Amino acid sequence: MVRTLRRTRCFAVLLVTALSAPVAGAALPTGTPPHAGHAAERAFIDALLARMTLEEKLGQLNQPRGLGNDTGPAAQAASEAQIGGGEVGSILGVDGARRTCELQRVAVQRSRLGIPLLFASDVIHGYRTVFPVPLGEAASFDPDEVAVAARHAAVEATAHGIHWTYAPMVDIARDPRWGRVVEGSGEDPYLGAAMAAARVRGFQGDDASSAPGSHLAAPDTLLATAKHFVGYGLAEGGRDYAGADLSERSLREVQLPPFKAAVAAGAQSVMAAFNEVSGIPMHANRGLLEGVLRGEWGWDGVLVSDYNGVQELMAHGVAATREDAGRLALRAGVDVDMVSRIYLSDLPAAVRAGRVPMAQVDAAVRRVLAAKLRLGLFDDPYRYCSDPARQEALTLTAESRAAARRMAQKSFVLLQNDGAVLPLSRSLRTLAVIGPLADHRRAMLGNWAVAAREEDAVTPLEGLRAALGMDTRLLVAQGAAIDGDDTSGFDQAVAAARQADAVVMFLGEHPDMSAEANNRSSLGLPGVQQQLALAVAATGKPVVVVLLNGRPLTIAPLQGKVPAILEAWFPGVEGGNAIADVLFGAADPSGKLPVTFPRNVGQVPIYYAHKNTGRPPSETEKYTSKYLDVAWTPLYVFGHGLGYTTYRYDPPRVSRPKLALDDLAQQVDVRVTNTGKRAGVEVVQLYLRDDVASVTRPVRQLRGFRRVPLQPGESRIVSFTLGFDDLAMYDEQMHQVVEPGTFTVFVGGSSSAEQSARFEVMAP
Ligand code: BGC
């Protein structure tokens, strides 16, 4: 029996924390409401709760939509009569200082208790200043830059009256058919956790100098929502909303870590997922919501349903009536009912008849009131909306555009660059610009940018024009549409290529081929774009393909034909400028893939942190785990991305070849050298493998990364520290342990890093 170092964890606790009943007849608090401090907060809320009728309480849990925000069946919009009647606690999808102030006034002046509203919205990757889609931002491997992007979004959105965003989406996605892969940080829980925490910090602000929680009262705090809890990214067949049959091991090792990181970073809100997990729809999943999220992790924020998610318990087949659905969701720990109105209309009778305990209603109301209190809304309900000049001044500023451009530059991934075609010279005489996305404004913005305006976006063609002098002639040809089978534009495109010194093609997906409900069963370039690329490449000219898309694409046929491929995702309002910066070398490409690119759709799911199996793939052995018709390896591995220079990694050195179980601190040093002629930024990555354990382990797992700028010829030693959390796994009894034995560290520029070192954790 191996002895291990073990960190105990409580198993899913199914008990709701009993909250004391309100003090009957308590007077409404007077004076300044408290900002922080649990006792003060509790006293304030107790007093308020004691004044509330059942309907007013359920009103606080009711979230209707504003106008024009439907991602499901049309729902009844919030009316002033309902707000004035105390039936509304928060609203989805109303923005603008003027309108939010108007509605806030109704809540404060006309409702009996004057409790302010919360305005919620999907501020996903920027607000008016649209940043790259989240998958693109993750490719930067730069959490600090991602936090800056989220901060800009928060400043703009809060100036437009919004208190609460439904972001970040932290679902781990390993099936690129699923449209929402674009909204997350890709396939890896370690990278996903870093991005989740960064976005929460950015949205909510993180003034470390203030008392814990008190910084939330700053008027540009945007409450962050980690979504969709949990397993949403595992949709079977890549079909959005489909369920997941999930082991506790992969739940804890793969799906939960980014949520845990978001919660640890202070996320004030979490959204339940539409899907079921192992037979229990998440909106009724008391074991995971009350048990893990609230019980095990001690989280006390607001749990919001997804759009109509409470009512959908009926379609799932676990609730026969609306009341059943509401009862199950409230009991599971869902505080806010987004758009189904079930809590408001169907729970009063159930509470009165004793079928729903009042304590469950009170617990949910407390959490909603606490969020309002923490934002300072009881102090000044109009603090987010009373200053239209602020809204004007903080929208689409030079600073936010500059941040969006920087973020976009860092998000691009140079997939290949045969013959060093890139960077292009600025003194080209003629440049052909080809493809359906070269001047496509929407494609800069992605599918889900609620406040985006097309006129704000700089297209690639505009970016190239701005970057090139008058001496370069641009020959522009669309060649083909994004989709469809019309090849009539090919000749013109090929003719333009023939006349040019170099060709840049903008290919990819329409933004509406990504995001919610936009799933695909094939992953190739849509329509005839691949044929177009091959026809243009056949001219023999230096051809660069820039991809604009929201998921990994199967572009194997371009390899060896098209010399340079740059993955640019949907890059935001400054996308066109950022693309020009990178194509001409004013900025270096430094992004790395946050998700594996398969060779064909039949390889899906394919991800780097897979298990070895008893018969690991071998080219020469028939009875090993692989395919007859395609290599088992991906087209581009997780973490892959080239620069305009080259790097050498020396073998890593571990500070302590042997570690004691009770002292697991390990330092890994690696020397990285820029061996090329240009400066560059390399994302140095560290992966770890637990060589032999009591349960099977992934072949390697990301455990560290660092962006390292290097001048030509410069060397740097990059140090990583590892500890319990990096070495730990869940054993057969699902205890988190570190087991004695050897571990291998791999260090390099992608998940296929080859330089390695080994150390041993000694048995006591
Ligand atoms: C999506 C959520 C989103 C909500 C509100 C739902 O359809 O799944 O991610 O926050 O709509 O717009």
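A salt bridge is a side-chain nitrogen of Lys or Arg within 4 Å of a carboxyl oxygen of Asp or Glu. The legends below apply to a predicted model.

**View 1. A salt bridge joins Asp 142 and Arg 707.** The two side chains meet at 3.4 Å, N to O. That distance counts as a salt bridge because the cut-off is 4 Å. The rule finds two salt bridges across the interface of domain 1 and domain 3. Polar contacts are also present: six residue pairs are counted between domain 1 and domain 3, both residues at pLDDT 80 or more.

**View 2. Domain 1 faces domain 3 with strand and helix residues.** Strand E1 (5–7), helix H7 (189–204) and helix H8 (248–264) each give two or more residues to this side of domain 1. Which element gives the largest share? H8 does, with four residues. By type, the residues on this side divide into nine charged, six nonpolar and one polar.

**View 3. The chain is assigned three stretches as domains: domain 1 (5–10 + 31–391), domain 2 (412–603) and domain 3 (647–762).** The contact between domain 1 and domain 3 takes 16 residues from domain 1 and 22 residues from domain 3. The centres of these two domains, taken over C-alpha atoms, are 36 Å apart. The size of an interface is often given as the accessible area lost when the parts come together. Here, domain 1 and domain 3 bury about 1800 Å² between them. Carbon and sulfur atoms carry 58% of that area.

**View 4. A cis peptide bond joins Ala 167 and Pro 168.** Omega is about 5°. Pro 168 lies in the loop between strand E5 (164–165) and H7. Most residues other than glycine have a negative phi, and most peptide bonds are trans.

**View 5. A cis peptide bond joins Val 604 and Pro 605.** Omega is about 0° here. Where is Pro 605? The loop between helix H20 (575–583) and strand E18 (647–649) holds Pro 605.

**View 6. Tyr 241 has a positive phi.** The value is near 80°, and Tyr 241 is not a glycine. Tyr 241 sits in the loop between strand E6 (225–229) and H8. Its relative accessible area is 34%, so Tyr 241 is partly exposed.

**View 7. Met 734 has a positive phi too.** Its phi is about 65°, although Met 734 is not a glycine. The residue is in the loop between strand E25 (729–730) and strand E26 (736–738). Is Met 734 buried or exposed? Met 734 is buried, because its relative accessible area is 8% and the cut-off for buried is under 20%.

Key: Residues are numbered from 1 along each chain as its sequence is written. This is a predicted model: local features need pLDDT of at least 70, side-chain atom pairs count only at pLDDT 80 or more; totals for chains, interfaces and linings use all residues. Side-chain values use heavy atoms; hydrogens and water are left out. Domain bounds come from an automatic or database domain assignment. Contact means heavy atoms within 4.5 Å. Buried area is the accessible area (1.4 Å probe) that two parts lose on being put together, summed over both. A polar contact is a pair of N or O atoms within 3.5 Å; within protein, one must be able to donate a hydrogen and the other to accept it, and residues adjacent in sequence count only if both atoms are side-chain atoms. Ala, Val, Leu, Ile, Met, Phe, Trp, Tyr, Cys and Pro count as nonpolar, Asp, Glu, Lys and Arg as charged, and the others, Gly among them, as polar. Buried means under 20% relative accessible area, exposed over 50%, partly exposed in between (1.4 Å probe, protein chains only).
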